[in-house]
Amino acid sequence: SDSENYDNTSFPALKNDLYLRAARGEATERAPVWCMRQAGRYLPEFRAIRVEHDFFRVCRTPALATEVTMQPIRRYDGLLDAAIIFSDILVVPQAMGLVVEMVPGKGPHLPDPLHTPEDMQRLQDLRKGFSVDRELDYVYKAITNTRHALAGCVPLLGFAGAPWTLMAYMVEGGGSKTFALAKTWLFKYPAAAHELLGRISAVVASFLVGQVRAGAQALQLFESWAGELSPRDFAEFSLPYLARIASHVKSHYPDEPLTIFAKGAHYALEQLVQETAFDVISLDWTIEPAVACKRVAAAASAGATSRSSITLQGNLDPTLLFADPETIRSRTAEMCRGFGNTPLIANLGHGMMPTHDPEHLRVFLETIHETTRAMRK
Ligand code: 1CP
(Lines give C-alpha, C1' and ligand atoms only; values in the text may rest on other atoms or scores of the structure.)
Protein backbone atom coordinates (compact mmCIF):
# COMPACT_ATOMS: atom_id res chain seq x y z
CA SER A 1 0.00 0.00 0.00
CA ASP A 2 2.98 2.36 -0.46
CA SER A 3 1.60 3.44 -3.82
CA GLU A 4 1.77 7.19 -4.28
CA ASN A 5 -1.25 9.43 -4.55
CA TYR A 6 -0.91 13.06 -5.68
CA ASP A 7 -4.61 13.87 -5.93
CA ASN A 8 -5.05 17.03 -3.83
CA THR A 9 -8.73 17.46 -4.68
CA SER A 10 -10.16 14.98 -2.20
CA PHE A 11 -8.71 13.65 1.03
CA PRO A 12 -9.92 11.18 3.67
CA ALA A 13 -12.16 12.78 6.33
CA LEU A 14 -10.38 14.02 9.46
CA LYS A 15 -11.09 11.92 12.56
CA ASN A 16 -9.10 13.85 15.19
CA ASP A 17 -9.63 17.60 14.91
CA LEU A 18 -8.37 18.56 18.42
CA TYR A 19 -5.38 20.44 16.98
CA LEU A 20 -7.48 22.45 14.52
CA ARG A 21 -10.12 23.29 17.13
CA ALA A 22 -7.52 24.38 19.69
CA ALA A 23 -5.73 26.46 17.04
CA ARG A 24 -9.02 28.28 16.42
CA GLY A 25 -9.35 28.95 20.14
CA GLU A 26 -12.24 26.53 20.65
CA ALA A 27 -12.61 24.58 23.88
CA THR A 28 -11.42 20.97 23.60
CA GLU A 29 -11.91 18.00 25.92
CA ARG A 30 -8.14 17.83 26.38
CA ALA A 31 -5.16 19.71 24.93
CA PRO A 32 -3.84 18.36 21.63
CA VAL A 33 -0.14 17.52 21.66
CA TRP A 34 2.65 17.07 19.12
CA CYS A 35 6.41 17.72 19.23
CA MET A 36 8.76 19.77 17.14
CA ARG A 37 11.18 17.39 15.40
CA GLN A 38 8.97 14.44 16.30
CA ALA A 39 10.40 12.64 13.27
CA GLY A 40 14.16 12.36 13.49
CA ARG A 41 17.27 10.87 14.85
CA TYR A 42 15.99 9.91 18.32
CA LEU A 43 13.92 7.23 16.52
CA PRO A 44 15.80 4.05 15.51
CA GLU A 45 13.39 3.58 12.58
CA PHE A 46 14.42 7.02 11.27
CA ARG A 47 18.13 6.25 11.65
CA ALA A 48 17.59 3.04 9.70
CA ILE A 49 16.23 5.04 6.75
CA ARG A 50 19.08 7.56 6.99
CA VAL A 51 21.71 4.82 6.77
CA GLU A 52 20.51 4.16 3.25
CA HIS A 53 19.36 7.59 2.06
CA ASP A 54 20.85 11.06 2.11
CA PHE A 55 18.83 13.64 4.11
CA PHE A 56 17.67 15.69 1.10
CA ARG A 57 17.00 12.47 -0.85
CA VAL A 58 14.44 11.61 1.84
CA CYS A 59 12.91 15.11 1.52
CA ARG A 60 12.74 14.84 -2.27
CA THR A 61 11.26 11.34 -2.44
CA PRO A 62 7.57 11.54 -1.49
CA ALA A 63 7.34 7.86 -0.49
CA LEU A 64 10.31 8.28 1.91
CA ALA A 65 9.16 11.65 3.27
CA THR A 66 5.73 10.13 3.91
CA GLU A 67 7.23 7.07 5.62
CA VAL A 68 9.36 9.19 7.97
CA THR A 69 6.45 11.55 8.73
CA MET A 70 4.33 8.52 9.66
CA GLN A 71 6.93 6.91 11.94
CA PRO A 72 6.11 8.84 15.15
CA ILE A 73 2.38 8.69 14.37
CA ARG A 74 2.58 4.89 14.21
CA ARG A 75 4.92 4.45 17.18
CA TYR A 76 2.86 6.67 19.51
CA ASP A 77 -0.40 5.28 18.20
CA GLY A 78 -3.21 7.64 19.28
CA LEU A 79 -0.97 9.86 21.44
CA LEU A 80 0.06 12.47 18.84
CA ASP A 81 -2.57 14.89 17.56
CA ALA A 82 -0.72 16.22 14.51
CA ALA A 83 1.85 15.10 11.96
CA ILE A 84 4.43 17.52 10.52
CA ILE A 85 5.66 16.95 7.01
CA PHE A 86 9.25 15.70 6.88
CA SER A 87 11.38 18.37 5.22
CA ASP A 88 13.73 21.10 6.42
CA ILE A 89 13.71 24.88 6.55
CA LEU A 90 16.85 24.85 4.34
CA VAL A 91 14.90 23.66 1.28
CA VAL A 92 14.09 27.33 0.63
CA PRO A 93 17.70 28.61 0.39
CA GLN A 94 18.37 25.53 -1.75
CA ALA A 95 15.48 26.41 -4.08
CA MET A 96 16.81 29.98 -4.26
CA GLY A 97 20.04 28.60 -5.71
CA LEU A 98 22.42 27.99 -2.81
CA VAL A 99 24.08 24.61 -2.30
CA VAL A 100 23.02 23.10 1.05
CA GLU A 101 24.51 19.87 2.39
CA MET A 102 23.39 18.03 5.50
CA VAL A 103 26.47 16.93 7.42
CA PRO A 104 25.68 13.90 9.59
CA GLY A 105 26.02 14.75 13.27
CA LYS A 106 26.55 18.46 12.52
CA GLY A 107 23.62 19.88 10.60
CA PRO A 108 23.27 22.09 7.54
CA HIS A 109 26.36 23.33 5.69
CA LEU A 110 26.33 25.87 2.84
CA PRO A 111 29.77 25.70 1.18
CA ASP A 112 29.29 28.97 -0.72
CA PRO A 113 27.21 31.35 1.43
CA LEU A 114 26.38 35.02 0.77
CA HIS A 115 29.49 36.99 1.75
CA THR A 116 28.48 40.46 0.54
CA PRO A 117 25.34 42.02 -1.00
CA GLU A 118 26.80 41.41 -4.50
CA ASP A 119 26.36 37.68 -3.86
CA MET A 120 22.58 38.18 -3.91
CA GLN A 121 22.94 38.15 -7.71
CA ARG A 122 23.49 34.40 -7.41
CA LEU A 123 19.99 33.93 -5.99
CA GLN A 124 17.01 32.90 -8.06
CA ASP A 125 14.73 35.89 -8.55
CA LEU A 126 10.91 35.79 -8.61
CA ARG A 127 10.99 38.81 -10.97
CA LYS A 128 13.09 36.82 -13.45
CA GLY A 129 11.15 33.63 -13.93
CA PHE A 130 11.98 31.76 -10.72
CA SER A 131 9.03 29.53 -9.87
CA VAL A 132 8.66 28.51 -6.21
CA ASP A 133 6.00 25.98 -7.17
CA ARG A 134 8.25 24.30 -9.73
CA GLU A 135 11.36 24.19 -7.49
CA LEU A 136 9.53 22.99 -4.41
CA ASP A 137 6.94 20.77 -6.08
CA TYR A 138 8.56 17.76 -4.39
CA VAL A 139 7.45 19.14 -0.99
CA TYR A 140 3.89 19.58 -2.29
CA LYS A 141 3.91 15.99 -3.57
CA ALA A 142 5.17 14.73 -0.20
CA ILE A 143 2.36 16.65 1.55
CA THR A 144 -0.37 15.36 -0.76
CA ASN A 145 0.90 11.80 -0.54
CA THR A 146 1.16 11.99 3.26
CA ARG A 147 -2.42 13.33 3.58
CA HIS A 148 -3.58 10.11 1.87
CA ALA A 149 -1.31 7.90 3.99
CA LEU A 150 -2.56 9.51 7.21
CA ALA A 151 -6.09 8.50 6.20
CA GLY A 152 -7.49 11.33 8.36
CA CYS A 153 -6.11 10.06 11.66
CA VAL A 154 -4.54 13.47 12.51
CA PRO A 155 -4.09 16.76 10.63
CA LEU A 156 -0.90 17.36 8.62
CA LEU A 157 1.16 20.49 9.30
CA GLY A 158 3.26 22.27 6.73
CA PHE A 159 6.06 24.66 7.71
CA ALA A 160 8.81 27.00 6.57
CA GLY A 161 11.72 28.89 8.08
CA ALA A 162 11.13 32.60 8.72
CA PRO A 163 13.18 35.17 6.77
CA TRP A 164 15.69 36.21 9.45
CA THR A 165 16.45 32.59 10.37
CA LEU A 166 16.92 31.63 6.72
CA MET A 167 19.06 34.71 6.08
CA ALA A 168 21.22 33.70 9.06
CA TYR A 169 21.97 30.30 7.44
CA MET A 170 22.45 31.86 4.00
CA VAL A 171 25.06 34.32 5.31
CA GLU A 172 26.72 32.17 7.99
CA GLY A 173 26.91 29.07 5.82
CA GLY A 174 25.51 26.94 8.66
CA GLY A 175 24.64 27.11 12.32
CA SER A 176 26.52 29.59 14.48
CA LYS A 177 27.16 30.48 18.13
CA THR A 178 27.14 34.25 17.73
CA PHE A 179 25.59 34.89 14.29
CA ALA A 180 28.23 37.61 13.94
CA LEU A 181 28.34 37.39 10.12
CA ALA A 182 24.57 37.54 9.62
CA LYS A 183 24.14 40.30 12.20
CA THR A 184 27.00 42.25 10.65
CA TRP A 185 24.96 42.28 7.42
CA LEU A 186 22.01 43.80 9.29
CA PHE A 187 24.11 46.62 10.67
CA LYS A 188 26.61 47.16 7.86
CA TYR A 189 24.29 46.72 4.86
CA PRO A 190 20.78 47.44 6.23
CA ALA A 191 19.30 48.23 2.82
CA ALA A 192 20.65 45.03 1.29
CA ALA A 193 19.54 43.07 4.36
CA HIS A 194 16.01 44.36 3.91
CA GLU A 195 16.13 43.48 0.23
CA LEU A 196 17.28 39.95 1.05
CA LEU A 197 14.67 39.54 3.81
CA GLY A 198 12.00 40.81 1.42
CA ARG A 199 13.02 38.38 -1.30
CA ILE A 200 13.07 35.44 1.13
CA SER A 201 9.65 36.54 2.46
CA ALA A 202 8.09 36.48 -0.99
CA VAL A 203 9.41 32.96 -1.60
CA VAL A 204 8.30 31.70 1.82
CA ALA A 205 4.83 33.25 1.47
CA SER A 206 4.22 31.60 -1.87
CA PHE A 207 5.72 28.30 -0.63
CA LEU A 208 3.29 28.26 2.30
CA VAL A 209 0.30 28.96 0.05
CA GLY A 210 1.45 26.06 -2.15
CA GLN A 211 1.66 23.76 0.87
CA VAL A 212 -1.96 24.55 1.80
CA ARG A 213 -3.02 23.89 -1.79
CA ALA A 214 -1.19 20.55 -1.61
CA GLY A 215 -3.03 19.57 1.57
CA ALA A 216 -1.33 21.11 4.64
CA GLN A 217 -4.11 21.65 7.21
CA ALA A 218 -2.16 24.16 9.32
CA LEU A 219 1.22 25.88 9.02
CA GLN A 220 4.06 26.79 11.34
CA LEU A 221 6.69 29.43 10.68
CA PHE A 222 10.02 28.86 12.48
CA GLU A 223 11.93 32.00 13.50
CA SER A 224 14.39 29.83 15.40
CA TRP A 225 17.04 32.53 15.79
CA ALA A 226 14.75 35.41 16.84
CA GLY A 227 16.48 35.41 20.22
CA GLU A 228 19.78 36.43 18.64
CA LEU A 229 18.25 39.83 17.86
CA SER A 230 17.70 42.67 20.32
CA PRO A 231 14.03 43.64 20.73
CA ARG A 232 14.75 46.70 18.60
CA ASP A 233 16.28 44.65 15.82
CA PHE A 234 13.57 42.00 16.00
CA ALA A 235 11.07 44.82 15.42
CA GLU A 236 13.01 45.99 12.37
CA PHE A 237 14.37 42.80 10.78
CA SER A 238 11.95 40.05 11.75
CA LEU A 239 8.47 41.15 12.84
CA PRO A 240 7.44 43.04 9.66
CA TYR A 241 8.32 40.02 7.52
CA LEU A 242 6.47 37.60 9.81
CA ALA A 243 3.43 39.89 9.60
CA ARG A 244 3.68 40.15 5.82
CA ILE A 245 3.89 36.37 5.38
CA ALA A 246 0.94 35.72 7.70
CA SER A 247 -1.30 38.22 5.93
CA HIS A 248 -0.31 36.85 2.53
CA VAL A 249 -1.32 33.32 3.52
CA LYS A 250 -4.53 34.58 5.16
CA SER A 251 -5.42 36.52 2.01
CA HIS A 252 -5.45 33.18 0.14
CA TYR A 253 -6.69 30.93 2.96
CA PRO A 254 -8.42 32.96 5.72
CA ASP A 255 -9.27 29.85 7.76
CA GLU A 256 -5.85 28.19 7.68
CA PRO A 257 -4.44 28.10 11.24
CA LEU A 258 -1.00 29.75 11.42
CA THR A 259 1.58 29.31 14.18
CA ILE A 260 4.64 31.43 14.83
CA PHE A 261 7.59 30.04 16.80
CA ALA A 262 9.91 32.97 17.47
CA LYS A 263 12.41 31.27 19.74
CA GLY A 264 13.90 33.51 22.40
CA ALA A 265 11.59 36.43 21.61
CA HIS A 266 9.01 36.41 24.36
CA TYR A 267 9.67 40.15 24.76
CA ALA A 268 7.67 40.44 21.52
CA LEU A 269 4.53 38.53 22.60
CA GLU A 270 2.36 41.65 22.56
CA GLN A 271 3.59 42.66 19.10
CA LEU A 272 2.97 39.18 17.72
CA VAL A 273 -0.61 39.34 19.04
CA GLN A 274 -1.35 42.88 17.90
CA GLU A 275 0.64 43.25 14.70
CA THR A 276 0.38 39.86 13.00
CA ALA A 277 -2.39 37.46 11.91
CA PHE A 278 -0.94 34.31 13.58
CA ASP A 279 -3.53 32.24 15.45
CA VAL A 280 -1.05 30.36 17.64
CA ILE A 281 2.07 31.59 19.39
CA SER A 282 4.58 28.86 20.17
CA LEU A 283 6.64 29.49 23.30
CA ASP A 284 10.09 28.30 24.26
CA TRP A 285 10.69 27.31 27.89
CA THR A 286 12.15 30.64 29.05
CA ILE A 287 8.75 32.09 29.94
CA GLU A 288 6.33 30.87 32.62
CA PRO A 289 3.07 29.65 31.05
CA ALA A 290 0.97 31.73 33.46
CA VAL A 291 2.90 34.89 32.61
CA ALA A 292 2.51 34.27 28.88
CA CYS A 293 -1.24 33.66 29.28
CA LYS A 294 -1.72 36.92 31.15
CA ARG A 295 0.30 39.02 28.71
CA VAL A 296 -1.30 37.51 25.64
CA ALA A 297 -4.84 37.95 26.98
CA ALA A 298 -4.15 41.57 27.87
CA ALA A 299 -2.61 42.25 24.46
CA ALA A 300 -5.51 40.59 22.63
CA SER A 301 -8.17 42.69 24.33
CA ALA A 302 -6.15 45.91 24.07
CA GLY A 303 -5.18 45.55 20.43
CA ALA A 304 -6.40 47.81 17.66
CA THR A 305 -8.20 44.86 16.08
CA SER A 306 -9.10 43.08 19.31
CA ARG A 307 -8.99 39.34 18.70
CA SER A 308 -11.33 36.81 20.16
CA SER A 309 -8.53 34.48 21.20
CA ILE A 310 -4.92 33.49 20.86
CA THR A 311 -3.82 29.93 21.33
CA LEU A 312 -0.49 29.18 22.98
CA GLN A 313 1.78 26.28 22.12
CA GLY A 314 4.59 24.81 24.20
CA ASN A 315 6.62 24.83 26.21
CA LEU A 316 8.44 22.14 28.20
CA ASP A 317 12.23 22.41 28.18
CA PRO A 318 13.20 19.50 25.86
CA THR A 319 16.10 18.71 28.19
CA LEU A 320 13.53 17.61 30.80
CA LEU A 321 13.02 14.49 28.66
CA PHE A 322 16.45 13.35 29.88
CA ALA A 323 15.10 13.25 33.45
CA ASP A 324 13.52 10.19 35.05
CA PRO A 325 9.86 9.48 34.18
CA GLU A 326 8.55 10.77 37.53
CA THR A 327 10.20 14.13 36.99
CA ILE A 328 8.91 14.30 33.42
CA ARG A 329 5.41 13.56 34.71
CA SER A 330 5.42 16.13 37.49
CA ARG A 331 7.01 18.91 35.44
CA THR A 332 4.68 18.27 32.48
CA ALA A 333 1.61 18.36 34.74
CA GLU A 334 2.90 21.56 36.31
CA MET A 335 3.26 23.06 32.84
CA CYS A 336 -0.34 22.12 31.91
CA ARG A 337 -1.65 23.74 35.10
CA GLY A 338 0.34 26.87 34.28
CA PHE A 339 -1.60 27.34 31.05
CA GLY A 340 -4.91 27.13 32.96
CA ASN A 341 -7.89 27.74 30.69
CA THR A 342 -5.95 29.32 27.83
CA PRO A 343 -6.39 27.39 24.58
CA LEU A 344 -3.28 25.19 24.44
CA ILE A 345 -1.48 23.03 21.93
CA ALA A 346 0.95 21.14 24.13
CA ASN A 347 4.48 20.79 22.80
CA LEU A 348 8.09 21.09 23.86
CA GLY A 349 9.73 24.52 23.94
CA HIS A 350 11.96 23.40 21.05
CA GLY A 351 12.69 20.23 19.11
CA MET A 352 13.45 16.65 20.09
CA MET A 353 17.19 15.93 20.38
CA PRO A 354 18.97 12.94 18.80
CA THR A 355 19.90 11.52 22.23
CA HIS A 356 16.36 11.54 23.64
CA ASP A 357 14.83 8.21 24.69
CA PRO A 358 11.63 7.60 22.69
CA GLU A 359 9.99 6.10 25.79
CA HIS A 360 10.51 9.37 27.65
CA LEU A 361 8.59 11.20 24.94
CA ARG A 362 5.78 8.72 25.50
CA VAL A 363 5.67 9.71 29.18
CA PHE A 364 5.34 13.37 28.17
CA LEU A 365 2.52 12.62 25.70
CA GLU A 366 0.58 10.43 28.15
CA THR A 367 0.89 13.03 30.89
CA ILE A 368 -0.49 15.75 28.61
CA HIS A 369 -3.50 13.56 27.80
CA GLU A 370 -4.21 12.67 31.44
CA THR A 371 -3.57 16.06 33.00
CA THR A 372 -5.43 18.25 30.54
CA ARG A 373 -8.40 15.86 30.37
CA ALA A 374 -8.67 15.95 34.17
CA MET A 375 -8.33 19.76 34.21
CA ARG A 376 -11.24 20.19 31.82
CA LYS A 377 -13.71 17.87 33.51
O1 1CP B 1 9.46 16.04 12.76
C2 1CP B 1 10.37 16.51 12.05
O3 1CP B 1 11.55 16.16 12.14
C4 1CP B 1 9.90 17.47 11.02
C5 1CP B 1 10.86 17.91 10.03
C6 1CP B 1 11.86 19.00 10.39
C7 1CP B 1 11.60 20.33 10.73
C8 1CP B 1 10.25 20.98 11.03
C9 1CP B 1 13.26 18.86 10.29
C10 1CP B 1 13.95 17.60 9.99
N11 1CP B 1 13.82 20.10 10.49
C12 1CP B 1 12.84 21.01 10.76
C13 1CP B 1 12.97 22.44 10.98
C14 1CP B 1 14.31 23.04 11.17
N15 1CP B 1 15.50 22.72 10.56
C16 1CP B 1 14.53 24.17 11.98
C17 1CP B 1 13.46 24.89 12.73
C18 1CP B 1 13.12 24.19 13.99
C19 1CP B 1 14.14 24.29 15.05
O20 1CP B 1 14.48 25.43 15.43
O21 1CP B 1 14.60 23.24 15.50
C22 1CP B 1 15.89 24.50 11.91
C23 1CP B 1 16.62 25.61 12.63
C24 1CP B 1 16.48 23.58 11.01
C25 1CP B 1 17.89 23.54 10.57
C26 1CP B 1 18.47 22.23 10.86
N27 1CP B 1 18.26 21.13 10.08
C28 1CP B 1 19.24 21.83 11.96
C29 1CP B 1 19.66 22.74 13.12
C30 1CP B 1 21.11 23.06 12.99
C31 1CP B 1 21.50 24.24 13.82
O32 1CP B 1 21.84 25.25 13.23
O33 1CP B 1 21.44 24.14 15.06
C34 1CP B 1 19.53 20.47 11.82
C35 1CP B 1 20.36 19.61 12.70
C36 1CP B 1 18.89 20.04 10.62
C37 1CP B 1 18.85 18.69 10.06
C38 1CP B 1 17.59 17.97 10.28
N39 1CP B 1 16.35 18.44 9.93
C40 1CP B 1 15.40 17.52 10.25
C41 1CP B 1 16.08 16.38 10.81
C42 1CP B 1 15.42 15.12 11.26
C43 1CP B 1 17.44 16.66 10.82
C44 1CP B 1 18.56 15.75 11.28
C45 1CP B 1 19.53 15.53 10.19
C46 1CP B 1 19.81 14.13 9.77
O47 1CP B 1 18.94 13.25 9.72
O48 1CP B 1 20.99 13.89 9.41
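The ligand is surrounded by 24 residues, a residue being near a molecule when its C-beta atom, placed from the backbone, lies within 6 Å of it. The closest are Ala39, Gly40, Gly107, Gly175 and Ser224. By class, this shell holds 12 nonpolar, 8 polar and 4 charged residues, with Gly counted among the polar ones. The model is predicted, so local features need pLDDT of at least 70 and side-chain atom pairs count only at pLDDT 80 or more, while totals for chains, interfaces and linings use all residues. Residues are numbered from 1 along each chain as its sequence is written.

Turning to the sheet, 7 strands form an open, parallel arrangement in the order S1-S4-S5-S6-S7-S8-S9. Strands are DSSP runs of E with at least two residues, helices are runs of H or I with at least four, and both are numbered from the N terminus; two strands pair if DSSP finds at least two bridges between them. At the edges lie S1 (83–84) and S9 (344–348), each pairing on one side only. S1 is joined in parallel to S4 (residues 156–161) by 2 bridges, and Ile84 stands opposite Leu157 in S4.

Helix H7 (residues 137–150) is mostly covered, with 11 of its 14 residues buried, that is, with 20 or more other C-beta atoms within 10 Å of their own, C-beta atoms being placed from the backbone. Among them are Val139, Tyr140, Ile143 and Leu150. The cover includes helix H4 (62–75), S1, helix H5 (91–95), S4 and helix H10 (190–214), contact meaning C-beta atoms, placed from the backbone, within 7 Å. After H7 comes Ala151, whose phi is positive, near 55 degrees.

Definitions and conventions:
Buried ≥ 20, exposed ≤ 12 C-beta atoms within 10 Å, placed from the backbone. Contact = placed C-beta atoms within 7 Å.
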